[in-house]
Amino acid sequence: MPRYFSEDHEWIDVDGDTGTVGITDYAQGQLGDITFVELPEAGSAVKKGDAPCVVDSVKAASDVYAPVSGTVTDSNAALGDEPELVNTDPEESGWLFRLTLSDPAELSGLMDRAAYDAYVAGL
Amino acid sequence: MSDTYEIDEDGDAVEPEVLTLPLDAWHRARGGRMVEFAGYHMPVQYEGIIAEHLWTRENTGLFDVSHMGQLVLSGEGLDAAVEAVLPIDLSTLNLGQQRYSVLLDANGGILDDLMVQRWPNDLYLVVNGATKWDDIGHLREELPDEIGLNLLDDHALLALQGPKAFAVLERHATGKWPLSALSFMRFGLFEIGGFEVNISRSGYTGEDGFEISLPAEAAEAIADLLCGEPEVKPIGLGARDSLRLEAGLPLYGHDLSPETSPVEAGLNFAINKRRRSEGGFPGADRILAELANGPARKWVGLSLEGRQAAREGAEVFAGNEPVGVVTSGGFSPSLERPIATAYISSAHAAAGTALEIEVRGKRLTATVTPMPFVPHRYHR
């Protein structure tokens with residue numbers, strides 16, 4: 001399953017027309033201790049660049065942007081009780097939401113792992 | 001600081017330089033994540049805000065607060081001159097004692113909150129880092145010319161805070177009197193590692209603890225001595241903020257400002273008894289009227305339902321009626337739930353009142369809660 005990365009530090013796993021979105025390990029490290037995640041509701045339509053999800057850390061609330069457009073199908077209910085999963089396992093069990101991609105061509109604007117790692121190294 | 005600019009010799013606006021403090025390299029070597037605060041590079045966190053917060057409540061934390069302004073005021077007629085700008089009664093502040101006060105403008109608005117120590121011939125003030133230059137300007141304007149004002153910019157300031165702070169500091173502080181001679185809000189001169197330091201039993205966490213004023217050249221050696229103890233870790237600004245919020249201690253520039261009076265802020269204890277009967281401090285008419293009749297709004301604590309925090313600026317409602325605004329808010333690591341502070345219309349400010357806070361288009365349920373949220377453990 002290919003994984004793509006955005007300059008805003010989201011990752012998206014793509015399986016057919018379904019994408020699973022989370023934030024990267026670098027992003028969680030920058031945010032610090034995460035205490036609450038506001039997740040999008042299933043059925044909501046999001047456009048690339050919208051902020052359907054908010055991650056609360058001790059210090060501040062931060063938007064999570066949709067790396068591509070689509071319709072939200074599901075979100076990670078485990079984060080209700082364990083928002084810290086976004087800190088401890090951001091790129092697997094700390095995923096945020098799933099969506100059905102409406103324009104898979106948008107993926108071409110994202111980075112692969114090697115490009116993202118180089119991007120982070122340059123920050 | 002992003003909106004302040006200096007003009008260079010060619011008349012071009014340049015951003016002011018961010019300054020470094022004596023422990024800058026020390027913080028970086030210990031993994032401190034540095035941010036700009038009050039014009040200085042300061043550590044916001046080391047291992048993480050929650051871990052550092054809980055460590056301070058259970059053990060002891062060392063905080064570098066060298067950005068704060070340490071001022072020494074001296075001269076003929078000092079007490080009367082200072083009483084003209086602060087609502088403090090200096091006739092009851094004895095040698096060795098420290099007291100909290102507020103710098104007031106002519107309307108009774110708060111220009112800064114600060115500590116005052118009685119020294120043998122002088123008064124020593126600790127003011128906020130972000131306001132120290134404005135404070136100095138204000139004091140220079142308001143105080144008579146014969147009052148000297150000296151900024152101790154060759155001194156650092158460390159805070160050692162937590163239930164094990166006394167045990168740790170007792171191993172290193174020597175002097176004419178034992179450290180145990182200091183109770184809450186007392187200070188004295190001691191030596192640590194061969195350097196003369198001024199230690200007060202005070203702080204900004206709600207815990208027992210000490211604030212240590214020391215020569216800048218001693219900062220690394222003393223920080224190393226204290227952090228060499230197994231009970232002590234360095235703690236960043238992030239946990240300093242969450243600790244003071246749980247302790248119900250206001251943060252200048254957020255909970256206090258020229259738009260707020262000390263009575264609205266619940267700082268009535270800072271308007272000392274003799275000053276209430278005599279007046280004669282800036283804004284006395286308004287402040288004495290608020291003391292007599294009650295202020296129109298009050299600074300209160302709010303406990304939120306759920307896990308989502310409300311932040312500074314969020315509007316507070318009683319039904320459809322806007323009744324106030326949040327001035328500080330965040331997740332409480334000790335209570336494991338969000339807490340906030342707000343200025344609320346006095347009619348809705350009683351403990352137990354149910355209110356709603358608007359956060360990103362949603363209404364969060366909150367209850368007015370007496371402060372501190374976490375009990376103080378001062379050594380009185």
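The account below begins with one loop and then follows the parts of the chain around it.

Mentor: Please keep in mind that this is a predicted model. Let us begin with E207(B), which is found in the loop between β14 (195-200) and β15 (209-215) of chain B. Is this residue buried or exposed? E207(B) has a relative accessible area of 2%. The limit for a buried residue is under 20%, so E207(B) counts as buried.

Which side chains does E207(B) meet through polar contacts? One partner is R57(B), whose side chain is joined to that of E207(B) by a polar contact of 3.0 Å. Another is R377(B), where the polar contact between the two side chains is 2.9 Å. The surroundings of E207(B) can also be listed by touch: leaving aside residues up to four places away in sequence, E207(B) touches T56(B), R57(B), Q161(B), G162(B), P163(B), R377(B) and Y378(B).

Consider next the strands on either side of this loop. β14(B) and β15(B) run antiparallel and are joined by 3 bridges. One pair to locate is S200(B) with its bridge partner E211(B) in β15(B). β14(B) also pairs with strand β13 (residues 187-192) of chain B, again in the antiparallel sense, over 6 bridges. Here F190(B) has V197(B) in β14(B) as its bridge partner. β13(B) and β14(B) form a hairpin with 2 residues between them. In its turn, G193(B) has a positive phi of about 55 degrees.

A hairpin can be found elsewhere in the chain as well. Strand β18 (residues 315-318) and strand β19 (residues 321-332) of chain B run antiparallel, with 4 bridges between them, and E315(B) has V325(B) in β19(B) as its bridge partner. The two strands are separated by 2 residues, and G319(B) in the turn has a positive phi of about 65 degrees. β18(B) also pairs with strand β21 (residues 354-359) of chain B, in the antiparallel sense, over 2 bridges. In that pairing, V316(B) stands opposite I357(B) of β21(B).

Y100(B) touches several residues beyond four places away in sequence, including D113(B), M185(B), L256(B), L267(B) and F269(B).

Finally, consider helix α9 (residues 284-293) of chain B, in which A284(B), I287(B) and E290(B) are buried. Why can these residues be said to line one face of the helix? Seen down the axis of α9(B), the buried residues fall within an arc of 135 degrees, so they line one face. Those buried residues pack against β7 (98-104) of chain B. On the other side of α9(B), D285(B), A292(B) and N293(B) are exposed. After the helix comes G294(B), whose phi is positive, near 85 degrees.

How values were computed:
Residues are numbered from 1 along each chain as its sequence is written. Chains are lettered from A and ligands numbered from 1 in the order in which they are written. This is a predicted model: local features need pLDDT of at least 70, side-chain atom pairs count only at pLDDT 80 or more; totals for chains, interfaces and linings use all residues. Side-chain values use heavy atoms; hydrogens and water are left out. Buried means under 20% relative accessible area, exposed over 50%, partly exposed in between (1.4 Å probe, protein chains only). A polar contact is a pair of N or O atoms within 3.5 Å; within protein, one must be able to donate a hydrogen and the other to accept it, and residues adjacent in sequence count only if both atoms are side-chain atoms. Contact means heavy atoms within 4.5 Å. The arc is that of the directions from the helix axis to the C-beta atoms. Two strands pair if DSSP finds at least two bridges between them.
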